Amino acid sequence: METHFSNHLSESVRSVVYSSLIPTCPLIPSPRTHHSAEDFGDMGDLLKGVALVTGAGSEGIGQATCIALVQHGIKQLAVLDINADGLAETKRLVNEVREVNVLELQVDLAEEHSIISGVQQANDHFGRIDILINNAAIAGAISPSTNVATSDFHKIIDVNLVGLWICQREVIKRMLQQEPIKQRTGPASRGVIVNLSSTYGLVSPPALLSVPAYVASKHGILGITKTDANTYAKDGIRINAICPGYVNTPAMRAAARSSELVQEEEKKVPMGRFGEPSELAEVICFLASPMSSYMTGSAVVVDGGFTSI
Ligand SMILES: NC(=O)c1ccc[n+]([C@@H]2O[C@H](COP(=O)([O-])OP(=O)(O)OC[C@H]3O[C@@H](n4cnc5c(N)ncnc54)[C@H](O)[C@@H]3O)[C@@H](O)[C@H]2O)c1
């Protein structure tokens, strides 16, 4: 027996059925009944163009993302961090994967002029920026709000939220001026941005692990992701966020060594372990790629099930 509803209907009947189902949306096209190989393109590199990664100077998610971007096809990569030695190490590791053009940018995300100059240098060097991964952040000390000085709160918001937004703004300005490039699948892309939020952009840590400015910044990142995604969707720019749970980075390993509370957190993860930076990097590459061409303004949770309970 025929099971595909749409296959029973002629094009004209299908249009009538759909327009009666969705009377207020006359622009929604009737669905296609088949796909062609052209929809999926050839299986060349998943990622194309120029990528810029912030916070690429530590042995954490940023460095893993640089490696994954190159593994998936990026040949022009700008790496940005306040730590110049860390950038040199990331460049060395990336070039072990494949010889690519890597531009190191020593930038302080707490300083607007430094960010503007860094983005300008990347654009001057490569001629365009197709992918921005806004990864850099600082956590600050664990402390309840009543013990946090206003200046310390500002410092974290300045780097994590204001710095991220300035970087996003400066890159969007360039993206708006550049011609879209053809992708392996889906529509041509004028640019893609992936912002690193956190599960603590959605929920709060336990009271004894309170980091109020960090949590506020990560919630704010989801807001700026959604509003700019909405504003620039019509221009062919996609912006999504990723919300990692606990990830096995040097800082997290140090925290787990020194704190039983953090060790307890690992036991709460349904998958029974912290994530690996490479596991986050793969999802970031998915969001940067045409495999997510219909996603914008999303917050993708990658936490081993931590926030599902
Ligand atoms: N590791 C985790 O468990 C975890 C969990 C949830 C979210 N995240 C988020 O993922 C991202 C990466 O986390 P990570 O643990 O790999 O980070 P990390 O601490 O290993 O690296 C952060 C990088 O940002 C850089 N940086 C800090 N301040 C800067 C400044 N003012 N200007 C320029 N660069 C600066 C640091 O030098 C460092 O290289 C962050 O946004 C973090 O909040 C991490």
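Trainee: What should I know before I start?
Mentor: Residues are numbered from 1 along each chain as its sequence is written. The model is predicted, so local features need pLDDT of at least 70, side-chain atom pairs count only at pLDDT 80 or more, and totals for chains, interfaces and linings use all residues.

Trainee: How many helices and strands are in the protein?
Mentor: There are 10 helices and 7 strands. These are DSSP runs numbered from the N terminus: helices are H or I with at least four residues, strands are E with at least two.

Trainee: And what share of the residues counts as buried?
Mentor: Of the 309 residues, 39%. Buried means 20 or more other C-beta atoms within 10 Å of a residue's own, with C-beta atoms placed from the backbone.

Trainee: Now helix 3. Which of its residues are buried?
Mentor: Ile61, Gly62, Gln63, Ala64, Thr65, Cys66, Ala68, Leu69 and Val70. That is 9 of the 11 residues of helix 3, so the helix is largely enclosed by the rest of the structure.

Trainee: What do those buried residues pack against?
Mentor: Strand 1 (50-54), strand 2 (76-81), helix 4, strand 4 (131-134), strand 5 (191-196) and helix 10. Contact here means C-beta atoms, placed from the backbone, within 7 Å.

Trainee: At what angle do helix 3 and helix 4 cross?
Mentor: Roughly 25 degrees, and the axes of helix 3 (residues 61-71) and helix 4 (residues 84-97) come within 9 Å. That makes helix 3 roughly parallel to helix 4. Angles under 35 degrees count as roughly parallel, over 145 as roughly antiparallel, 65 to 115 as roughly perpendicular and the rest as oblique. Axes are lines fitted to C-alpha atoms, for helices over the stretch in contact, and angles run from 0 to 180 degrees between N-to-C directions.

Trainee: Which residues make that contact between helix 3 and helix 4?
Mentor: From helix 3, Gln63, Cys66, Ile67, Val70 and Gln71; from helix 4, Thr90, Leu93, Val94 and Val97. They divide into 6 nonpolar, 3 polar and no charged. Nonpolar covers Ala, Val, Leu, Ile, Met, Phe, Trp, Tyr, Cys and Pro; charged covers Asp, Glu, Lys and Arg; the others, Gly among them, are polar.

Trainee: How does helix 3 pack with helix 10?
Mentor: At about 55 degrees, with the axes of helix 3 and helix 10 (residues 277-288) 8 Å apart. That makes helix 3 oblique to helix 10. Ile61, Ala64, Thr65, Ala68 and Leu69 of helix 3 meet residues of helix 10 including Pro277, Leu280 and Ile284. By class, the contact has 9 nonpolar, 2 polar and 1 charged residues.

Trainee: What comes just after helix 3?
Mentor: Gly73, with a positive phi of about 125 degrees.

Trainee: Switching to the ligand. Which residues come nearest?
Mentor: Gly55, Ser58, Gly60, Leu109 and Ala137, of the 27 residues around the ligand. Near means a C-beta atom, placed from the backbone, within 6 Å. The shell divides into 15 nonpolar, 10 polar and 2 charged residues.

Trainee: Which helices supply the shell?
Mentor: Helix 3 and helix 8 (250-258) each supply at least two of its residues.

Trainee: Last one. How are helix 6 and helix 7 packed?
Mentor: Helix 6 (residues 150-177) and helix 7 (residues 212-232) pack at about 15 degrees, with axes 9 Å apart. Helix 6 and helix 7 are therefore roughly parallel to each other. Their contact divides into 13 nonpolar, 4 polar and 2 charged residues.

How values were computed
Contact = placed C-beta atoms within 7 Å. Buried ≥ 20, exposed ≤ 12 C-beta atoms within 10 Å, placed from the backbone.
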